Each structure stands twice: as C-alpha cells, then as structure tokens.
Amino acid sequence: MGMGTEWSVIGTITAAIMIANTIFNKFIPPQIQSYIELTSHKFLSFLSPYIQITFPEFSGERLKRSDVFTAIQSYLSETSSQRARKLKAETANDSQNPVVLCMDDNEQITEYFNGVKLWWFSHKSIIRTQSFSVYPASDEKRYYTLTFHKRYRDLIARSYIPHVLEQGKAIKLKNRQLKLFTNCCNTGRGGYQNAKWSHVVFEHPARFETLAMDPNMKEEIINDLVTFKNGKDYYDKIGKAWKRGYLLYGPPGTGKSTMIASMANFMNYDLYDLELTSVKDNTQLRTLLIETTSKSIIVIEDIDCSLDLTGKRKKVKKKEDKKGDEEEGVKDPVKKAEEEENKESKVTLSGLLNCIDGIWSGCAGERIIIFTTNYVDKLDPALIRSGRMDKKIELSYCGYEAFKVLAKNYLDVDYHFLFPSVEGLLKETNMTPADVAENIMPKSKSDDVETCLNKLIQALEKDKKKAEEEAHKRVEEEKEKEQLVQEENTDGKPGKEVKENGFIH
C-alpha cells in the first residue's frame with residue numbers, strides 16, 4: 001500500500017506539471033514566456049558553479065557553416081568514437097574515409113584537460129518559431145555545448161579551446177581527400193562567368209620512396225619541405241610570405257611531374273595546375289591565385305613555352321566579316337562571347353612575377369609554387385632569381401642509384417649479377433628514368449628479372465652505339481668544315497689577290 005501511495009503521488013505531481021506546462025505554453029504570451037525563462041535561467045546560473053559555452057553549427061547569417069563547429073566536430077569524432085555510447089555514421093565527401101563516426105545528437109561525453117573535468121554535449125533541437133528556416137534541415141538546429149567549472153574559465157578560454165580548434169583542423173587536414181584543380185576561367189556562352197577552378201580527386205600514387213633519383217638529393221628535398229611546413233613562425237619573424245618557389249628543370253622524361261605528385265602526397269597539399277595560355281590578362285591571373293587555398297601547390301608546367309605569354313592567337317577576320325560587323329552595329333551576344341574567348345592573352349611576365357612574389361603573394365597563406373621547364377637557359381633571369389625560385393632542382397638522366405630504385409619498384413630486387421653491366425652503361429649513355437622503367441618493366445608472365453635486365457642492357461648498348469655514331473659524324477663534319485676553310489684560303493681563285501712580302505701576286 002505504501003509503494004502504491006508513492007506512485008500515486010508521483011503520478012499526480014507529473015500530471016500537474018504537464019497541465020501547468022500546457023497552460024504556460026498556450027495561455028501565457030510569448031514575451032512573458034521569454035522573460036520567465038530568462039529569469040529562471042539567470043537564477044539557476046547564479047546557483048550553479050558551472051559555465052556553459054555554446055558553439056552553433058551556423059554563424060553570421062546562418063548560411064555558412066561555422067569553421068569552429070567543423071573543427072570541434074572533427075576533434076570530437078576522433079575522441080568520441082572511444083567514449084560515446086551512441087555514435088552516428090556520416091558520409092564525408094572530402095575525406096579519405098567514406099564513413100566518419102561522430103558523436104550522435106543529444107549525446108554527452110566527458111573529457112579531462114590538465115586535470116580539469118569537462119563535458120561536451122551534442123544538441124539537436126526543433127525550431128518552433130519559424131515557419132521558414134534557412135538551415136539545411138529546415139526544422140533542425142545543431143550545436144555543441146562545453147560545460148566546466150567557473151574557476152577554470154581562463155584555462156579553458158586561453159588553452160583548451162585553442163587546443164581543440166588546432167587539433168580539429170589538423171585531424172580534418174590529415175583525413176581529407178586531396179584534389180587536383182585546373183583553371184576554367186573563360187566566359188561561357190551568353191556572357192556568364194564560369195567557375196574559376198574545377199577539380200577532380202587527386203589519386204596519383206607517386207611518393208618519394210618510389211621516386212627514381214639520387215638518395216642524397218631526395219633527402220635534401222624532403223628536409224627542405226619539412227622545414228617549410230614547420231616554418232610559419234620563422235617566416236613571420238623574417239617578414240616574408242609563407243611560400244616557397246621550386247624550379248624543376250631537365251630533359252623530358254626525367255620525372256618532373258612525378259616529383260610534383262610526390263611532393264603533394266608527402267605534404268598532403270592540394271594541387272592547382274595553372275594553364276597560363278587560357279588566362280586573359282593580369283587581373284584574371286591575380287583573381288585565380290587569390291582563389292587558391294592554403295596548404296596547396298601551384299604548378300605552372302613548361303614555363304619556357306609560356307614565357308612570351310602569347311595565349312591563343314587572334315583569328316584573322318575576312319574583309320566581308322569586318323564589313324558585316326560594321327553594318328550590323330550591335331553584335332550578337334553569343335558571337336561576342338566567342339570572340340572574347342578567342343582573344344589573345346594579355347598576361348605579361350611582370351604580371352606573373354607580381355602575383356607570385358608581390359603584395360598579393362601572401363594572401364592565401366601556406367603555399368608552394370613550382371615551375372617546370374625542359375630548357376632552363378631560355379628563362380628570364382628575373383623569373384628564376386633567388387626569392388622567387390628558392391630551390392632549383394635538376395632532374396637529369398638516370399644514374400645507377402636511380403636505377404636501383406626502379407629495379408626495386410618494377411622487379412622487386414635489390415641486386416643482380418647484371419647490375420654492374422648496367423652501371424657501366426649508364427655512365428656512358430644518357431637514358432631518362434622513363435626509358436629505363438619502360439625497358440625493365442615485365443611485358444608478360446614469362447619475363448623474369450634476368451630477361452628484363454638484358455632488355456635494358458641491349459637498349460643501353462644500342463643508344464651508346466648511336467651516340468658514338470653521332471659523335472663521329474659531328475667530328476667528320478667539323479673536319480670537312482676546317483678543310484673547306486683552308487682550301488678557300490689557299491686555292492688561288494681568279495681575281496683573288498694575295499699580298500706577300502710587299503708584292504701582289
């Protein structure tokens with residue numbers, strides 16, 4: 001009877017609370033409701049020793065997702081998967097992992113920072129006062145709350161929150177999916193401006209471990225990249241923009257593009273492949289570079305072919321077309337757009353240099369700029385001076401050390417009795433790493449290591465013989481030229497006077 005009486009009292013109290021809540025919501029004006037809620041909240045806050053910080057999903061005009069919320073979500077997804085009882089799986093389009101586990105809505109986890117106990121709570125509530133909402137889910141509002149004791153206010157504000165944001169951004173950067181961008185800045189039909197950059201997922205497998213080059217040079221490049229990546233404070237100290245320029249030069253097939261892909265994978269940077277010939281003028285070039293993001297590599301390949309920056313050649317109009325345009329007065333919009341697209345590029349070398357090394361160069365933060373060329377002697381000295389191209393890397397013909405890397409990659413061997421023969425021939429022959437790789441690559445299941453190496457030796461001997469023949473031919477041509485010069489000076493042609501010892505013969 002005692003237990004039944006207690007349950008009866010609890011039921012009565014619950015019913016009374018529900019009736020009071022219904023009366024409060026239906027009959028009390030919203031202004032008074034807000035005032036009562038605010039007053040009660042202040043009273044409870046006065047009694048409670050805890051502070052609560054709210055981090056909403058959308059900031060400003062609620063149209064842009066908060067970077068702070070995203071960083072906290074990344075941070076909690078790394079820790080909550082080990083502590084939270086309720087998790088939810090979300091699809092991440094920009095992450096290496098197709099599914100990311102994060103703390104479920106209305107779930108709480110406990111964390112300790114420097115001995116201080118904290119509570120994170122993930123909220124999802126229904127927006128009742130709006131008939132139309134600008135949130136992606138029209139009737140939902142998501143936010144995180146951080147609760148802690150008020151005596152640790154300074155520690156949380158100055159140390160813990162910056163720590164969470166820094167770690168969250170690092171986690172997101174580590175797990176993100178790299179992208180390869182290309183500029184598409186031409187004006188489309190009807191005069192509409194297309195997107196400045198389009199991108200695809202960057203999935204190039206190149207890495208420094210498989211890059212065929214001298215180990216000492218490889219280590220030097222890796223150390224340089226690591227120093228740059230960790231050099232924000234140093235660049236701030238010396239007053240320079242946080243960027244670094246690389247010039248990759250050498251014959252075709254020596255691995256310039258593979259080097260760039262290896263650098264992107266090593267640094268975990270996005271790639272921007274800038275095609276200068278499709279850029280109309282210096283203003284458009286500057287706009288493109290401003291649109292690039294931090295932690296990216298901007299690549300301008302074959303700069304020697306774009307130094308004059310001629311772009312697309314202007315089409316020559318016939319006289320009838322010119323006369324028709326004059327008579328037409330107002331041009332058709334589609335035709336006008338096509339003419340704009342076919343205009344010659346007005347990008348200048350000065351404009352390019354100002355973008356990569358001028359005032360605008362520091363706008364996007366941490367970036368690497370890479371130029372490639374097959375003929376470094378053709379480049380303007382102003383382009384490759386120190387400060388613009390901070391490091392110049394020559395990628396030359398395949399040496400023995402690079403060959404050993406290729407042999408390990410393609411044949412999975414560290415040594416073979418034919419290696420000394422290959423080493424001797426590589427010293428006497430100029431063969432690119434691309435050609436070496438093509439010759440040692442197995443073409444069928446029956447191709448063993450010895451077969452592949454013999455193919456390479458035959459190709460090297462053939463190139464050596466060809467080079468010797470060409471050298472011999474050049475020597476013969478030089479001898480013939482010298483002989484012709486001597487004959488012209490001594491053959492005594494008619495009308496030719498030779499003065500000797502004061503007499504004319």
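Start with helices α12 and α13, where α12 passes α13 in a right-handed crossing. The model on screen is a predicted one. To find the pair, select residues 400-411 for α12 and residues 419-428 for α13.

Next, show the side chains at the contact. From α12, pick Y400, F403, K404 and A407; from α13, pick F419, V422, E423 and L426. Of the residues in this contact, six are nonpolar, two are charged and none is polar.

Now look at how the two helices are placed. Two packed helices are described by the angle between their axes and the distance between those axes. For α12 and α13 the angle is about 135 degrees, and the axes lie 10 Å apart. Angles over 145 degrees count as roughly antiparallel and 65 to 115 as roughly perpendicular, with this pair falling under oblique; α12 and α13 are therefore oblique to each other.

Move on to the sheet. In what order do the seven strands of the open sheet lie? The order is β10-β9-β12-β13-β14-β11-β15, with mixed pairing. Select 197-201 for β10 and 391-394 for β15: these are the edge strands, and each pairs on one side only. On average, neighbouring strands of this sheet are turned by 20 degrees against each other, ignoring direction.

Within the sheet, select β13 (residues 296-300) and β14 (residues 367-373), which run parallel and are joined by five bridges.

Last, select residues 349-357, helix α11. Helix α11 lies across β11 (243-249), β13 and β14, and runs at about 145 degrees to β14.

Note on methods
Residues are numbered from 1 along each chain as its sequence is written. This is a predicted model: local features need pLDDT of at least 70, side-chain atom pairs count only at pLDDT 80 or more; totals for chains, interfaces and linings use all residues. Side-chain values use heavy atoms; hydrogens and water are left out. Axes are lines fitted to C-alpha atoms, for helices over the stretch in contact, and angles run from 0 to 180 degrees between N-to-C directions. Helices (H or I, at least four residues) and strands (E, at least two) are DSSP runs, numbered from the N terminus. Angles under 35 degrees count as roughly parallel, over 145 as roughly antiparallel, 65 to 115 as roughly perpendicular and the rest as oblique. A crossing is left-handed if the near helix is turned anticlockwise from the far one by less than a right angle, and right-handed if clockwise. Contact means heavy atoms within 4.5 Å. Ala, Val, Leu, Ile, Met, Phe, Trp, Tyr, Cys and Pro count as nonpolar, Asp, Glu, Lys and Arg as charged, and the others, Gly among them, as polar. Two strands pair if DSSP finds at least two bridges between them.
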